[in-house]
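Here's a quick tour of a protein chain, put together for someone new to reading structures. Have a look at the model first, then work through the notes below.

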Amino acid sequence: MTSFKVFFGILLWVLPAFPWGSVGHKTVARIAEDNLSPTAMAKIKPLLAGKTLEEISIWPDIYKRNHPNTGPWHYINLPVRKTLSVSDMPMYCSSNGHHPTDNIIDQIHKNIRELKSSNTTFSEKQYALSFLVHLIGDLHMPLHVGDDNDLGGNQKQVRYFSPVSRSNKGHVTNLHSLWDNLVEVKAIEDPDYLGRELEGKITSADRAAWDTGTVEDWAMESYAVAKKTIYPSLPVRDRK
């Protein structure tokens, strides 16, 4: 699992720079696959069945369309108007109005257990691998972790002004969609191009640093971005 820990660290580093739509997920999955050890790659290759991590990274969002019960697996609502620590995480894992394990933290742990278990079937491992790659990506999208009584930004309207906009009125969307799809580094949304560009900047010191931490630690880093960067300049939304 050490290779997976480095893989998660790569996701943590890359994701804040990209949309969390299909391009973002594919980009980080491409980098992750390039950085898996030969041993780790040999173990997951049969599960990929001729596909790549990039190709399976977006499947959970497609699956969710016809299986809405899996929706809560993609997020956890940590209130940005409070100051939380890792020790507070269990309370919020079970307070989203769904089954206690229907949250991104518990589902990531579940997928890791199933990949490591000798009792998990081949198809169950395939399912777990795809969800693990995808959910680690979602975990590092701050609005899949931080919440301001606005469903992770889905109920907070914003106006986005783009340099290429045809109107001086900007684009009206919700905060979550803005982070998902509109924040772009380059006009070229090519996962392979973006992956190569970012992969060239990874240092040995980065790799050593990423080989630490827990799922909860990574969630708190995303929470900190939501709390300190995204929401301070936005009005508080009181849910009626």
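Is aspartate 192 buried, partly exposed or exposed? Aspartate 192 is partly exposed, because its relative accessible area is 31%, and that falls between the 20% and 50% cut-offs. Keep in mind that you're looking at a predicted model. We'll come back to aspartate 192 once the overall picture is in place.

**The chain as a whole**

- You'll find 12 helices and 4 strands in the chain.
- The chain has 240 residues, and 48% of them are buried.
- Take the contacts with a separation of 6 or more: 71% of them are between residues 24 or more positions apart.

**The nonpolar core**

- In soluble globular proteins, nonpolar side chains tend to be buried together.
- The largest nonpolar core here has 46 residues, and the ones touching the most other members are Leu53, Ile76, Leu78, Ile105, Ile108, Leu129 and Leu139.
- Several helices give two or more residues to this core, including helix 2 (22-35), helix 7 (104-116), helix 8 (122-139) and helix 12 (215-230).
- Helix 8 provides the largest share of the core, with 8 residues.

**Aromatic rings**

- A pair of aromatic rings is described by the distance of the centres and the angle of the planes.
- The chain has 7 aromatic pairs.
- One of them joins tryptophan 59 and tyrosine 63: the ring centres are 4.7 Å apart and the planes sit at 35 degrees, so this pair is tilted.
- Both of these residues belong to helix 5 (residues 59-66), where they are 4 residues apart, or about one turn of the helix.
- Tryptophan 59 also pairs with tyrosine 127, this time edge-to-face, with 5.6 Å from centre to centre and 75 degrees between the planes.
- Zoom out a bit and you'll see one aromatic cluster formed by Trp59, Tyr63, Trp73, Tyr127 and Phe131.

**Salt bridges**

- Side chains of opposite charge can pair when their charged atoms come close.
- The count for this chain is 8 salt bridges.
- Back to aspartate 192: it forms a salt bridge with arginine 30, and their closest N and O atoms are 3.2 Å apart.
- Aspartate 192 lies in helix 10 (residues 191-199) and arginine 30 in helix 2, so this bridge ties together parts that are 162 residues apart in sequence.
- Arginine 30 counts as buried, at 16% relative accessibility.
- This pair belongs to a network of salt bridges that links Arg30, Asp34, Asp192 and Glu199.
- Lysine 64 and aspartate 61 form another bridge, with 3.4 Å between the closest N and O atoms.
- Lysine 64 and aspartate 61 are both in helix 5, 3 residues apart, about one turn of the helix.
- A further bridge connects aspartate 148 and arginine 81, at 3.0 Å from N to O.
- Aspartate 148 is in the loop between strand 2 (146-147) and strand 3 (157-160), while arginine 81 is in the loop between strand 1 (78-79) and helix 6, so the bridge ties together parts 67 residues apart in sequence.
- Aspartate 148 is buried, with a relative accessible area of 3%, whereas arginine 81 is partly exposed at 39%.

Key:
Residues are numbered from 1 along each chain as its sequence is written. This is a predicted model: local features need pLDDT of at least 70, side-chain atom pairs count only at pLDDT 80 or more; totals for chains, interfaces and linings use all residues. Side-chain values use heavy atoms; hydrogens and water are left out. Buried means under 20% relative accessible area, exposed over 50%, partly exposed in between (1.4 Å probe, protein chains only). Contact means heavy atoms within 4.5 Å. A nonpolar core is a set of buried Ala, Val, Leu, Ile, Met, Phe, Trp, Tyr and Cys residues joined through side-chain atoms within 4.5 Å. Rings of Phe, Tyr and Trp (its six-membered ring) pair if their centres lie within 6.5 Å; planes under 30 degrees apart count as stacked, over 60 as edge-to-face and the rest as tilted. A salt bridge is a side-chain nitrogen of Lys or Arg within 4 Å of a carboxyl oxygen of Asp or Glu.
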